[in-house]
Amino acid sequence: MGYVISIVNMKGGVGKTTLTVNVATSLAKDHGLRVLIVDLDTQINATLSLMPPLQFAHLKKENRTLKQLINQVIQPNAQSIIPIENIIQRNICKVNGFDLLPGDIELYNDFLLAAILYAQTHQNQQDFDKNWNTLEDSLVRTVLQPVMKSYDLILLDFPPGDNLLTRSGLVASSFYLMPAKPEPLSVVGMGILEGHIKKLKQSDRTNINLLGIVFSSLGHATTMAAKVKNRVSSEFGEDKIFSTEIPTNVAVAKAVDEFQPVVLTEPNSSGAKAFTDLTKELLQRLPTRLSKTRSEG
Ligand SMILES: Nc1ncnc2c1ncn2[C@@H]1O[C@H](COP(=O)(O)OP(=O)(O)O)[C@@H](O)[C@H]1O
Ligand SMILES: [Mg+2]
């Protein structure tokens, strides 16, 4: 079985989604691996980086998004079942082995989930806290369970912030990877995340480990950036910092407009080259070597 990796930072705009779509593409295209992206963000940036809005609207109309799968776990008797295999979009951007579980603009928030769970708990005279934790521990695992063996790597693209769905994603992951900007506020987001993960680990609900921190470079070396990197390095350990940094590159932003990752639209750009190198480094950091599992065709 492969690995589930969370791409996460409590802060938004640090390059999580861009990293996820490009690394996933490179894993499938350059390394012959079977890769699934799961878009957990209601801003559906990963989904819309890989398909035009019209295509998403079509899927949404047919309930072929993550929302349907979450519904099926939370309210199993309320609707007709669509298996995850019929929701996953395959060979994204015509790359063999690159699949996407489309996100949704209206996923449950904690408030709504609490209301549903409270009603169920009350009806069955159960303990609300216990049921809440059980749901948190099982939601993402249950959604992915039928396809776990079909992928070498499953990358979860996180929204900023913390909610039941994100905690459930962390609990289901073997590793997390933290994209960060070498700016003081980005480090705050890292600290908050570490706090959340520590809590989950203390209650023995996960044994997720930090795969590493990926910095975007600001193009010019500033004293501030160097300071921040030093601080992060001493806090997390030098070995936790990826040696590949992601440069700011206009080709990266332009690619979004073509609904394709930059590693496909402009493979020779500085951004694409960095993502290709980062993918190699990521593979080296995994405890077991993943070798090509996909047969062409
Ligand atoms: N290396 C890069 N060069 C140029 N623009 C980038 C780069 N990485 C991300 N961006 C742009 O920055 C914005 C935020 O990136 P994104 O990946 O969506 O961050 P997050 O998922 O953390 O919110 C997006 O508009 C994206 O296109
Ligand atoms: Mg994002």
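**Reading the model**

Tutor: Helix H1 (16-31) and helix H10 (250-256) each supply at least two residues of the shell around ligand 1. Please keep in mind that this is a predicted model.

Student: How many residues surround ligand 1, and which are the closest?

Tutor: The shell around ligand 1 consists of 16 residues, and the closest are Lys16, Thr17, Thr18, Val252 and Ala253.

Student: What is the make-up of the shell around ligand 1 by class?

Tutor: The shell around ligand 1 contains 10 polar residues, 5 nonpolar residues and 1 charged residue.

Student: Let us turn to helix packing. How are two packed helices described?

Tutor: Two packed helices are described by the angle between their axes and by the distance between those axes. In this structure, H1 packs with helix H12 (residues 270-285) at an angle of about 75 degrees, and their axes are 9 Å apart.

Student: Are H1 and H12 roughly parallel or roughly perpendicular to each other?

Tutor: Angles of 65 to 115 degrees count as roughly perpendicular. H1 and H12 are therefore roughly perpendicular to each other.

Student: Which residues of H1 and H12 meet?

Tutor: From H1, the residues are Asn22, Val23, Ser26, Leu27, Asp30 and His31; in H12 they meet Phe275, Thr276, Leu278, Thr279, Leu282 and Leu283. By class, this contact of H1 with H12 has 6 nonpolar, 5 polar and 1 charged residues.

Student: Which residues does Ile37 touch, not counting residues up to four places away in sequence?

Tutor: With those residues left out, Ile37 touches Thr20, Val21, Ala24, Ala46, Leu100, Leu101, Leu155 and Asp157.

Student: How should I read burial? Is Ser269 exposed or partly exposed?

Tutor: A residue is buried if 20 or more other C-beta atoms lie within 10 Å of its own, exposed if 12 or fewer, and partly exposed in between. Ser269 has 19 other C-beta atoms within 10 Å, so this residue is partly exposed. Ser269 sits in the loop between helix H11 (262-265) and H12. Not counting residues up to four places away in sequence, Ser269 touches Asn249, Ala251 and Val262. The C-alpha atoms of Ser269 and Val252 are separated by 8.4 Å, and the two residues are 17 residues apart along the chain.

Student: Where is Leu264, and which residues does it contact, leaving aside its neighbours within four places in sequence?

Tutor: Leu264 lies in helix H11, and with those neighbours left aside, Leu264 is in contact with Thr25 and Cys93. Leu264 is partly exposed, because 19 other C-beta atoms lie within 10 Å. The C-alpha atoms of Leu264 and Leu290, 26 residues apart along the chain, are separated by 22 Å.

Student: Let us consider backbone angles. What is the phi of Asn91?

Tutor: The phi of Asn91 is near 45 degrees, a positive value in a residue other than glycine. Asn91 belongs to the loop between helix H4 (66-74) and strand S3 (98-101). Asn91 counts as exposed, because it has 12 C-beta neighbours inside 10 Å.

Student: What is the phi of Phe259, and where is this residue found?

Tutor: Phe259 has a phi near 60 degrees, a positive value in a residue other than glycine, and is found in the loop between H10 and H11. Phe259 counts as partly exposed, with 18 C-beta neighbours inside 10 Å.

Student: Why is Phe111 exposed?

Tutor: Phe111 is exposed because 8 other C-beta atoms lie within 10 Å. Phe111 has its place in helix H5 (residues 110-123). Phe111 and Asn163 are 52 residues apart in sequence and 9.8 Å apart in space, C-alpha to C-alpha.

Methods. Residues are numbered from 1 along each chain as its sequence is written. Chains are lettered from A and ligands numbered from 1 in the order in which they are written. This is a predicted model: local features need pLDDT of at least 70, side-chain atom pairs count only at pLDDT 80 or more; totals for chains, interfaces and linings use all residues. A residue is near a molecule or strand if its C-beta atom, placed from the backbone, lies within 6 Å of it. Ala, Val, Leu, Ile, Met, Phe, Trp, Tyr, Cys and Pro count as nonpolar, Asp, Glu, Lys and Arg as charged, and the others, Gly among them, as polar. Axes are lines fitted to C-alpha atoms, for helices over the stretch in contact, and angles run from 0 to 180 degrees between N-to-C directions. Angles under 35 degrees count as roughly parallel, over 145 as roughly antiparallel, 65 to 115 as roughly perpendicular and the rest as oblique. Two residues are in contact if their C-beta atoms, placed from the backbone, lie within 7 Å.
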